[in-house]
Amino acid sequence: QLTKAGYPFNIRMTVIPERFEKLPEDVHFLCEHTGCREIQAEPAFYEVRGAHSSAYHEQGQRFVRAFLEAWEIAEAYGKYLYYSGARPETITSMFCEAPLGESLTVNPLGQVTGCYETTGRDGQCGGVFGYADADGIMIDEASRMEQMNAILHRKDKCRDCFCYYHCAGDCFTRGTEASAGEWPYNRCEINRAITLKLLLRKLAGGRQQAVGRKYEGAERRPHF
């Protein structure tokens, strides 16, 4: 209905390991049958529903291959496919607004966080810096700054990474839970692999032919 109405919209996909190889096909379908402008594809590595787990090397490589093939397809349709950990067109010092206190989320336990992915269940309370009740919202600035400092400390280990100003230390919520505080972690490998390939494509002009496919009539333009 949004496409028929000519209303601008984007699509966010969560891709599980069982579906990695189908990502190019899925992106092709969305490009062919919807009027979306951008598609965000995020991999979910899990052992427990709703939890963040570290990717196995083989899983990470499968996602990288599938994403890059899907990126070519989206490019051929004049769409922009992206993944939050690989943003070569973005220069930033912070992955997102979560620790800044500018984007607030109240989870089911009434805790205030900067991230909608912090549900409040066991093992998922990282990033809490306040609470909400009938009297309003209370922000604990000391807790918020503690989270900010943890992110900055973690980023110190990223100084020599060429993605330092692109992923900016990656997602605090996902990384903290999946890596048990160890840094860098497996998603870093995915971020670097995709970022490197997209940078090379940008240098080559951003107009590579779709791998093994040709979509007739597709508008082509670079997105960087």
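How many residues does helix H4 have, and how far does H4 reach from its first C-alpha to its last? Select residues 141-155 in this predicted model, and you will have the 15 residues of H4, which reach 21 Å from the first C-alpha to the last, close to the 21 Å expected at 1.5 Å a residue.

Stay with this helix and colour Arg144, Gln147, Met148, Ile151, Arg154 and Lys155, which are buried. If you look down the axis of H4, these buried residues fall within an arc of 125 degrees, so they line one face of the helix. Turn to the face that points away from this buried side, and you will find the exposed residues Ala142, Glu146 and His153. Next, select Asp140, which caps the N-terminal end of H4, with a side-chain oxygen that lies 3.1 Å from the backbone nitrogen of Ala142.

Now move to the sheet, which is open and has four strands in the order E4-E5-E6-E7, with antiparallel pairing. Strand E4 (105-106) and strand E7 (136-139) stand at the edges, and each has a single partner strand, so one side of each is left without a neighbour in the sheet.

Begin the walk across the sheet at E4, which two bridges join to strand E5 (residues 111-113), and select Val106 to see that it stands opposite Val112 in E5. From E5, continue to strand E6 (residues 128-133), which pairs with E5 over two bridges, and select Gln111, whose bridge partner in E6 is Tyr131. Finally, follow the four bridges that join E6 to E7, where the bridge partner of Asp133 is Gly136 in E7, and note that E6 and E7 form a hairpin with two residues between them.

Technical notes. Residues are numbered from 1 along each chain as its sequence is written. This is a predicted model: local features need pLDDT of at least 70, side-chain atom pairs count only at pLDDT 80 or more; totals for chains, interfaces and linings use all residues. Side-chain values use heavy atoms; hydrogens and water are left out. Two strands pair if DSSP finds at least two bridges between them. The expected span of a helix is 1.5 Å times one less than its number of residues. Buried means under 20% relative accessible area, exposed over 50%, partly exposed in between (1.4 Å probe, protein chains only). The arc is that of the directions from the helix axis to the C-beta atoms. A polar contact is a pair of N or O atoms within 3.5 Å; within protein, one must be able to donate a hydrogen and the other to accept it, and residues adjacent in sequence count only if both atoms are side-chain atoms.
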